[in-house]
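Subject: Structure handover

Hello,

Here is the structure for you to take over. My notes on it are below.

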Amino acid sequence: MTGKPPEDGYISVVDEEPEIFALLKWDTAQTQKNFDVRSSERAKSPEKSIQKSSEEEPDAFDMNDAAFLETFRLPKDLARSLCEEIKAVIPDSAKSLDLPLETKVLATLSFYATGKYQKSIGGKSDLNVTPYFYMTAVTQVTEAINHHTIVKKYIHFPHLRNERDLIKNRFYMKYRIPNVVGCVDCMHVPIAKPDNNHKKHFNKSYHSKKAQIICDSDLNIISVDALPGGSISHEAILIKHAVKNDLESLNAARDTCWLVGGLHYMQKPYIMTPIPKITKKTPVSPEKHYTNLHLTTHNVVLDTIKQLKSRWKCLQASCNKHFDPSMVSMIIVACCILHNICNKRGLAVPQMTQAEERLEIMKQKVANGAVSKKRVEDPAGVQVRNALIERLWNERSANECIPPKKRVRKEREPMPQMNPVEDDPSKRPRVMMNNPYAFGMGINHGWGHYPQH
């Protein structure tokens, strides 16, 4: 399903300097406007609009490695491998001899990385690269990346026992909580106001897609659900997901498996949540010890979401997309696949600017809303959490049992006083004065070796 192309001459879909005060005014008349394709653009096919020969076409792979990685977020070898995987699943109707597949893939990666429609690919301007071309390329490549063979290859929840044991061991070695197979949380990705079901996507502030992310201890995404709208709660998304049924079946078969979730989730036998009303000032107790370990473990999924949005800016709150909700969901899944590819290679993550990070935090906080104080937790889940709290308290290390020592201030020893009688003037250090002419004004010098004038 193709998106709605923007107006003529509109290139950037990201505000270069987003204003914080406009957080609650996302769906303005400009963003809600339906964009129609002009007859001149509709008459031209994006493949037929490029008339250059293969010798004149700019080749982005001629860029140096650092510039290529900064522009497309993938090194050249991974970009070529991605082109080969897409070529095997993309339909023949999307293939063209006039427009190489590599050009479409690089244009899509550039859009994912910047959130903008660029006027050039690989740093070389091309008048034929129009917003309509970008929307067509992004649509075709995104649909190809969402092919079930590619999704299952890179996003895989552990269904085998040895896979689950491996993830459990890594979580326990890093964060000291046993039986954890993943950390779960949700992120909002803004969209334009949809024509249908706009109430389903309105999250008290703006329209968005709410994607559920589950990751392992190494920040790899092992499950993603990008279909829900922004108005659906964290708990409702997880209850309807297949992962919940798998975890219940595994726990019933005495293969204990837990997720680690935040305050927006209810305590269940398959998900561990923090204990309310535990703060930094709370004295040391088994509950406080559990809360500290839980907070450190749950930060893994928050770091995963932060890296995902830092590398692919099309998911940030400042990106004003003109795709329909179904295409935005596929873009989210495609970015999660690319995140796992980059994370497996160990590529550095570009950092958000201070304005981007502040805006992202405020947008997510407003969209999620406050945590409900009327929480009705499952008694069976509370019993499982209490058993875990007791186990963690008994397994704490010896260093954690010893209270921190108070720092004792040492008294300074008095400085030895010099006896003026035994002071030898000839052994005093020579001091250079700023005014050399002061020595000729009748001053009696105390240095025996200094010549008298």
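The model is predicted. The protein has 15 helices and seven strands. Of its 453 residues, 44% are buried. Among contacts with a separation of 6 or more, 71% are between residues 24 or more positions apart. The accessible surface is about 25900 Å², and carbon and sulfur atoms account for 54% of that.

Aromatic rings: there are seven aromatic pairs. One of them joins F111 and Y112, which are tilted, with 6.4 Å centre to centre and 55° between the planes. F111 has 0% relative accessibility and so counts as buried, the cut-off being under 20%. Y112 is likewise buried, at 0%. Another pair, F133 with Y134, is edge-to-face, with centres 5.8 Å apart and planes at 75°; both residues are buried. Ring pairs also connect F111, Y112, W312 and F323 as a cluster.

Charges over rings: R176 lies over the face of Y172, 4.4 Å from the ring centre. R396 has its charged end over the ring of W393, at 3.7 Å from the centre.

Backbone: N179 is not a glycine, yet has a positive phi of about 65°. This residue is in the loop between α7 (161-175) and β3 (180-190). N197, also not a glycine, has a positive phi of about 55° and belongs to the loop between β3 and α8 (198-201). The relative accessible area of N197 is 53%, so this residue counts as exposed, for which the cut-off is over 50%.

Regards

Notes. Residues are numbered from 1 along each chain as its sequence is written. This is a predicted model: local features need pLDDT of at least 70, side-chain atom pairs count only at pLDDT 80 or more; totals for chains, interfaces and linings use all residues. Side-chain values use heavy atoms; hydrogens and water are left out. Helices (H or I, at least four residues) and strands (E, at least two) are DSSP runs, numbered from the N terminus. Buried means under 20% relative accessible area, exposed over 50%, partly exposed in between (1.4 Å probe, protein chains only). Contact means heavy atoms within 4.5 Å. Accessible areas come from the Shrake-Rupley method with a 1.4 Å probe; for residues, only the protein chains shown count as cover. Rings of Phe, Tyr and Trp (its six-membered ring) pair if their centres lie within 6.5 Å; planes under 30 degrees apart count as stacked, over 60 as edge-to-face and the rest as tilted. A charge sits over a ring if NZ of Lys or CZ of Arg is within 6 Å of the ring centre and within 35 degrees of the ring normal.
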